Each structure stands twice: as C-alpha cells, then as structure tokens.
Amino acid sequence: MDKYQVLKQYFGYDKFREGQELLIDSILSGRDVLGIMPTGAGKSLCYQIPALMMEGITLVISPLISLMKDQVASLRQAGVSAAYLNSSLSSAQYFTALDNARAGRYPIIYVAPERLTTESFLDFAVHAKIAMVAVDEAHCVSQWGQDFRPSYLKIVDFIHRLPYRPVVSAFTATATQAVRDDVADILMLQDPTVLTTGFDRPNLYFAVYSLKDKYGAVRNYLDCHPGENGIIYCLTRKTVEEVCGRLQRDGYSATRYHAGLDDGERQKNQDDFIYDRKRIIVATNAFGMGIDKSDVRFVLHYNMPKNMESYYQEAGRAGRDGEPAECILYYGGQDVITNQLFIENNRDNEELDEAARQAVLERDRERLKKMTYYCFSNECLRDYILRYFGEYGDNYCGNCGNCLSQFETVDVTEYARGLIGCVGECRQRYGINVIIDTVRGANNAKIRQYRMNENSWYGCLSTVPAHRLRQVFNHLLVNDYLSLSSDEYTVVRLTERSGEVLDGSLSVLMKLAREREEEPKTKKKPARRAVGFGDVDEGLFERLRQLRSEIAKEERVPPYMVFSDKSLTHMCAARPQSKAEMMEISGVGEFKYKKYGERFLQAING
Ligand code: ADP
Ligand code: MG
C-alpha cells in the first residue's frame with residue numbers, strides 16, 4: 001500500500017494536510033524529522049502512516065497515560081493493532097503485551113519514557129527490529145517548556161543502546177526557538193527535516209468580552225449552544241468550584257477538574273467529559289495536555305490566563321476536527337491582579353540563581369502585559385495572536401469578534417498613493433520606517449541625512465497615525481502594490497501594479513479596525529458561521545449523534561472515536577446512499593465502514 005492508500009483505508013481521509021506529506025516522505029526515506037505544528041494539525045498521522053508502511057516496529061514515546069490510551073483506542077477503531085506499555089498495566093498484562101510485541105503483533109507501540117531503559121524493555125528492544133522512535137510532545141525534553149519531563153532525557157540513552165539507530169521523529173506544538181533547538185539537540189536528531197507549519201487555526205473563532213456579569217454571559221452562551229461540548233477554564237480552584245457548582249445548580253451538565261481533587265475523581269470527571277456523559281468541564285489549566293477529544297466545540301475562558309502561550313494552547317483544544325469552534329475570553333480587571341500574584345509568588349524556579357530568577361520574573365511580567373493587550377485590542381484578534389508567535393497575517397480575518405464588529409471598509413487610496421509616490425521618488429532606496437516617517441513629516445536625523453524632507457511627498461499624510469500607515473503598508477505588500485527586497489538592507493520596491501494606484505486608475509479599499517471610541521460598545525454575539533459543508537439538517541445530525549452514542553457505549557470508546565463531528569456533518573450534507581458513497585465521507589475508512597457503515601446508511605436513508 002502506498003501512503004495515500006493507507007490514509008484512505010485506515011483513517012478514511014482523502015487528502016493530506018499541510019506538512020504531513022513532507023514529514024512522511026522524509027521518514028520513509030530514512031531521515032529524521034522535527035515537526036512543529038499547532039494543536040489539531042494532525043501530527044499523529046505523520047508517524048502512524050510511516051509506521052504502517054515500514055518494516056519493523058515503531059515506538060511512540062508519549063508523556064501521559066491518558067494520551068497513550070486515547071491514541072491506541074483510536075488506532076484500534078481504525079483497524080490497526082497497537083498497544084501501550086506503561087504503569088497502568090499490571091505486571092502480568094505488561095509481560096503479555098511484551099510477548100505479543102516480540103511475536104510481531106504490533107506495528108505501533110506506545111511507551112512511557114520511564115520504561116525505555118528498564119531491563120525487561122531493553123531486552124525486548126535490542127532483539128526486535130525497531131524501525132522508528134517517534135517522540136510525541138517532544139517539547140517535554142526542554143527545560144524551557146512548560147511541561148518538562150526529566151524522563152524524556154532517557155530517550156537518547158535508550159536509542160544509544162539499540163544495536164543500530166532507527167529513524168527518530170519528533171513532534172511538538174511549541175513554537176519558541178529555544179524549545180525547538182533543545183528538541184533537536186537533546187534528542188540528537190541527525191540532519192532532520194524540520195517543518196514548521198503556520199500557527200493559524202482558521203476554523204477557530206476568537207472573541208473577548210469585558211463584562212460585569214460573567215456568569216450570566218457564560219449561561220447565555222451555553223443556552224445559545226445547546227448540545228455542544230466545551231471547556232470552561234478558570235484561573236483558580238476556587239473559581240472552578242464556584243462556577244461549576246452554580247452551573248450544576250442551574251441544571252447544566254457540568255463537571256469539574258483541578259489539581260486539588262483526588263486522582264479518582266479527576267479521572268472520573270475527565271472520562272465523563274470525554275465520553276460525552278457530561279457536556280461541560282470547568283477546569284484549571286491542570287486539565288488539558290492528555291486530552292485529544294476532537295469535538296470540543298468551544299473553549300470559554302472565565303478568566304484571562306497568564307500569557308498568550310497558555311491562552312493559545314488552551315483555546316486550541318477547541319475544534320481539532322477542523323469544524324468551526326469558538327474561543328471566547330471573558331476578561332475581568334481582577335484577572336490581571338491574580339496573575340500578578342501568581343507570577344510574584346512563583347516557587348517553580350527556586351533552584352535558579354537570583355539573576356536567572358529575576359530574568360524569568362521579568363519575562364513573565366512582560367508576557368502578562370501582552371496577554372492583557374490582547375484583551376483590549378481593537379485589531380483583528382487572530383492577527384494579534386499570529387504576530388505574537390512571529391507570523392504575519394493580513395490585518396483582517398473576518399472570523400473574530402473584532403473583525404465582525406469593529407471593522408469597517410475604508411478607502412485608503414490617498415494613503416496608498418502617498419506611500420507609493422514616496423517610494424518612487426526616492427528611487428526605491430529606503431526601508432519601511434523611512435518611508436512612513438517621510439510621509440508623516442517626521443523631523444529626525446535620518447530623514448535629514450537622507451534629505452527626505454525634500455521629497456515632494458514629505459508630510460503629505462502628517463495627520464494619519466503611524467500604526468494606520470503600517471497597516472496600509474502591509475496591505476499594499478500583501479496585494480503586490482509594493483514589495484520588499486531581500487538584500488542586505490530591506491528596501492521597499494515598486495511593482496508592476498504600483499502605477500495603477502499612483503495614476504489614480506484604481507482605488508484601494510481595505511478593512512480596518514475602527515479607531516477606539518470613548519464608550520466601549522457592547523459586542524454583539526456573533527452569528528455562528530457555517531464553514532465547510534453548508535447548512536446541515538439539524539434533525540438528522542441529532543439522529544446520527546444518537547447512533548454514534550449507542551455504538552460508543554457498545555464499543556466502550558468515546559463517541560468522537562467512532563466518527564468525528566466532521567464526519568457526521570459531512571454525512572448530513574452528502575447523504576450517502578451506498579457503500580461507495582459512504583466511503584467518500586471524510587473519516588470513513590475500510591475498517592470503520594465494515595463495523596458501522598451499514599448502520600449509518602440506514603439511519604440516513606431509513
Ligand atoms: P495534533 O497531535 O497535531 O494535535 P492529531 O494528530 O490529534 O493532532 O489530529 C487532530 C485531528 O485531525 C484528528 O481527529 C485527526 O484524525 C484529524 N486529521 C489528521 N490528519 C488529517 C487529514 N489528512 N485529513 C483529515 N483529518 C485529519
Ligand atoms: Mg498530538
């Protein structure tokens with residue numbers, strides 16, 4: 001089977017997502033890889049597909065038992081024989097699993113990092129054919145990350161002890177350079193193919209509300225989204241207790257999760273949420289890393305988290321299936337103070353020396369500031385997030401609270417003419433800052449030195465704020481009215497299209513954030529956008545969900561493992577009538593069709 005057939009047959013998908021093919025091809029050609037892709041991008045397939053094609057066993061290192069269970073259960077649903085080896089197995093179970101592994105029953109085995117260098121496991125590994133070691137959540141090797149696991153350092157040790165070196169692949173959603181470098185260094189990747197995909201998650205809608213009555217707003221949200229699953233994050237255990245308690249008293253299907261609960265209750269509450277027995281989970285940031293539930297439709301933040309990293313990670317747990325999902329932050333002034341207290345009283349860094357501790361403190365304060373700016377921004381929220389992570393977006397996404405309520409279409413032809421005219425007249429010799437300073441009529445040393453004060457466009461846009469001109473500049477670059485050279489000094493160049501603007505034959509319109517008004521407007525609740533398959537027959541969708549629940553109970557797996565929301569939506573829209581048509585549905589592979597296909601066909605056509 002080739003990789004496309006494996007994708008279709010086992011996972012039921014027709015197309016690879018961005019980046020997946022490159023990583024898969026690399027692995028198959030024997031080269032190490034480092035894949036940096038946001039949550040929900042589909043990292044698992046990048047090692048699972050080669051694992052099914054290579055001769056030998058793929059070991060997947062994963063930090064949490066719940067993650068391993070989730071993935072193994074998903075693989076089994078897809079007809080792949082996989083197993084995990086971790087401390088949740090009894091000793092007898094463990095040795096049975098090892099025997100099966102020796103007999104070559106599992107192409108894919110998930111292993112806890114602590115196991116790797118134990119005698120029994122090593123004995124198995126050195127005698128088996130290990131084709132690949134795949135390190136999932138690879139940021140756990142880095143002390144710079146938020147989830148450092150010392151046991152991850154054993155991975156290299158383990159690889160060294162194998163009779164030959166397997167392909168090593170590493171995957172993470174953490175984007176920062178320090179963590180990225182650590183992963184490659186510590187895991188000793190050999191000339192890896194490094195792939196970073198964009199961090200944008202177009203299916204996520206972002207919004208911020210600053211309201212007096214947060215609880216009322218949350219209730220209102222839940223009432224407007226009946227039947228959907230979601231997470232409500234709070235900053236403290238106390239708030240979790242309060243919010244969850246009120247929701248339960250008010251009749252909502254809610255449960256709670258935080259580090260103060262005993263293990264038994266935590267596990268139970270988490271399972272209730274994953275198996276759709278409870279619709280809502282109210283949690284601190286302790287809830288999350290082990291959760292691959294794909295049909296989380298909303299993530300509400302009852303408080304502002306401490307930084308954008310945490311926010312994007314938590315919010316990103318919505319909509320892994322690629323269907324529309326919403327991430328809403330309810331900001332309150334007290335959140336800043338609570339976070340400040342957390343930062344000042346942080347005892348995680350006791351082993352650091354004084355200077356290092358100050359540096360961390362400073363960094364955390366700075367991050368909190370940026371998080372707070374997010375809550376007050378009038379600009380496109382997605383753009384803010386992407387810029388924070390070092391990417392450039394256009395300044396209007398059309399799918400966030402600000403774009404939908406705060407933006408207006410503005411004719412910026414005059415601004416565009418000024419900027420382009422200025423670039424032309426100075427013979428394309430200068431960078432963005434000089435151009436903007438010139439049209440704004442700045443009187444500084446550089447401007448005088450370059451004699452830009454003699455440029456005929458000098459001061460022509462002196463009343464326009466610099467940030468506005470920057471946005472227009474971006475728009476001109478994105479739309480090819482201007483370009484940037486990539487020489488030693490970046491200078492602005494004209495393009496073939498520049499003339500159209502300059503001679504007035506073309507108007508330039510763009511979406512811009514309204515300038516801040518005195519009275520903060522109450523933001524309207526956005527209409528739910530149907531992205532993807534168009535309108536869906538809600539009645540049919542409900543029936544299919546019902547059927548999915550029944551099957552999930554029989555199979556003892558979470559409903560989203562039977563079929564994702566996306567598959568159900570697709571079925572509602574396409575209404576397949578035959579096996580062939582059913583097999584066209586995203587997420588319906590050969591194995592799942594055999595198990596459930598008929599029942600869903602009947603539900604659709606019966
Ligand atoms: P990550 O580990 O990157 O956060 P996952 O591997 O858990 O993401 O994948 C997220 C979801 O995307 C899963 O439900 C998975 O089945 C789905 N998915 C992955 N690859 C594809 C694809 N090529 N087409 C459609 N869905 C995909
Ligand atoms: Mg993953």
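How many bridges join β10 to strand β11, and in which direction do the two strands run? In this predicted model, β10 and β11 (residues 280-283) run parallel and are joined by 4 bridges. Within this pairing, Arg256 has Val282 of β11 as its bridge partner.

The two strands belong to an open sheet of 6 strands with parallel pairing, arranged in the order β8-β13-β12-β9-β11-β10. Because β8 (204-210) and β10 (254-257) stand at the edges and have a single partner strand each, one side of each lacks a neighbour in the sheet. From one strand to the next, the twist averages 20°. Helix α9 (residues 214-224) packs on the sheet and touches β9 (229-233), β11, β12 (296-301) and β13 (325-331). The direction of helix α9 makes about 165° with that of β13.

Polar contacts to ligand 1 involve both backbone and side-chain atoms of the protein. An oxygen atom of the ligand lies 2.8 Å from a polar side-chain atom of Lys43, and a backbone N or O atom of Gly42 is placed 3.1 Å from an oxygen atom of ligand 1. For Arg17, an N or O atom of the side chain is 3.1 Å from a nitrogen atom of ligand 1. Of the 570 Å² of accessible area that ligand 1 has on its own, the protein covers 85%.

Notes. Residues are numbered from 1 along each chain as its sequence is written. Chains are lettered from A and ligands numbered from 1 in the order in which they are written. This is a predicted model: local features need pLDDT of at least 70, side-chain atom pairs count only at pLDDT 80 or more; totals for chains, interfaces and linings use all residues. Side-chain values use heavy atoms; hydrogens and water are left out. A polar contact is a pair of N or O atoms within 3.5 Å; within protein, one must be able to donate a hydrogen and the other to accept it, and residues adjacent in sequence count only if both atoms are side-chain atoms. Accessible areas come from the Shrake-Rupley method with a 1.4 Å probe; for residues, only the protein chains shown count as cover. Two strands pair if DSSP finds at least two bridges between them. Axes are lines fitted to C-alpha atoms, for helices over the stretch in contact, and angles run from 0 to 180 degrees between N-to-C directions. Contact means heavy atoms within 4.5 Å.
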